[in-house]
Amino acid sequence: MRVAGIDCGTNSIRLLVADTQDEAGDGGATRLADVHREMRIVRLGQGVDATGILAPEALERTFAAVDDYAETIRSLGAERVRFVATSATRDARNRDEFTDGIRARLGVAPEVVPGLEEASLSFSGAASVLPLESGRPVVVVDLGGGSTEFVLGDADGVIGARSIDMGCVRLTERHLHSDPPTPAEVAEAEDDVDRGIEEALAEVPLAQATAVIGVAGSITTITAHALALPSYQPERIHGSELSLAEIETACGSLLGLSHEERVALPYMHPGRADVIGAGALVWRRVLERLAQLTDGRIATAITSEHDILDGIALSTLGRSAG
């Protein structure tokens, strides 16, 4: 079956059209074979943290992308479609304007999912392409624009999950106003992140983790920086395992660069350059805390190019045709 998933986050909107494949040799597990994968930076969450509403210009950018995605879905013949919106839309008082606009363009009712469902979808997407074992929990960290999801699970399913309102767009708008950020701004942002991690720990036993998998654009871009890639190369990024020291160096480097210097990096999407510093700050802080919680057992981190978008596409198999 050909399916389509759309992930509409705070910073980007992404489309995946894929064919499903049942693998008899893998316990009947269903895998996705990409037909088309696309990402656009639309910054739907522009100003939402301060105003509580989706800005007219942000809605316009998002609707323009959805018009194009709808045509791609039709032309590729997807049989089922699911549209999921996350942090920015959850927080917006005028989200009905958004959902009505998406329904009119796509013919599918968009779903503004709660944080726990977002976390579960992220875990299933990452788990669909990476091997998991019973009794060896891994933590998937989905670092988005408006929120970060922490999901601990193994081959038997999710053990604990929590979505925290700390993302690269939200933290940039709250704290990182200078170019590059000042030490005082960085310290304020780190305090915010530390509070968020403690919130997650109240529901997710992160100390049980035997490995950490990072997903979403900030983490994949940080990995590209650590690998010093000549361009953004998903095949090099996906599945790469780096030491925490390598990641910390890459995060510190990105946080200290100016916007102009970030834009000049060959793997940097122009729409991510202004918020990647906050993404680097979050990822560095999360990994430092995981190393402490696990007494150094977590010494590396794996990056996955497959995440909530894959989880959304897979989830269409248990739903009515859209």
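Tutor: We'll go through some strands, a helix and a few backbone details.

Student: Before that, what kind of model is this?
Tutor: This is a predicted model, where local features need pLDDT of at least 70, side-chain atom pairs count only at pLDDT 80 or more, and totals for chains, interfaces and linings use all residues. Residues are numbered from 1 along each chain as its sequence is written, and side-chain values use heavy atoms, with hydrogens and water left out.

Student: Ok, strands. How does S9 pair with S6?
Tutor: S6 (residues 138–143) and S9 run in the parallel sense, with 5 bridges. Two strands pair if DSSP finds at least two bridges between them. Helices (H or I, at least four residues) and strands (E, at least two) are DSSP runs, numbered from the N terminus.

Student: Which residue stands opposite Val215?
Tutor: That's Asp142.

Student: And how many bridges are there between S9 and S11?
Tutor: There are 3, again in the parallel sense.

Student: How many residues of S9 are buried?
Tutor: 4 of its 5, so S9 is mostly covered. Buried means under 20% relative accessible area, exposed over 50%, and partly exposed in between (1.4 Å probe, protein chains only).

Student: Is Ala216 buried or exposed?
Tutor: Buried, with a relative accessible area of 14%.

Student: Which other residue has a positive phi although it is not a glycine?
Tutor: Asp295 has one, of about 50°. Asp295 is in the loop between helix H12 (276–293) and strand S11 (300–304), and Asp295 is exposed, at a relative accessible area of 75%.

Student: New topic: where is the cis peptide bond?
Tutor: From Asp179 to Pro180, with omega near -5°. Pro180 is found in the loop between helix H6 (168–174) and helix H7 (183–201).

Student: Last one: how many residues of H13 are buried?
Tutor: 8 of its 8, in the helix that covers residues 308–315. Among them are Ile308, Leu309 and Asp310.

Student: What reaches the backbone nitrogen of Leu309?
Tutor: A side-chain oxygen of Asp307, to within 3.1 Å, at the start of H13.

Conventions. Polar contact = N/O pair within 3.5 Å; in protein donor to acceptor, adjacent residues only side chain to side chain.
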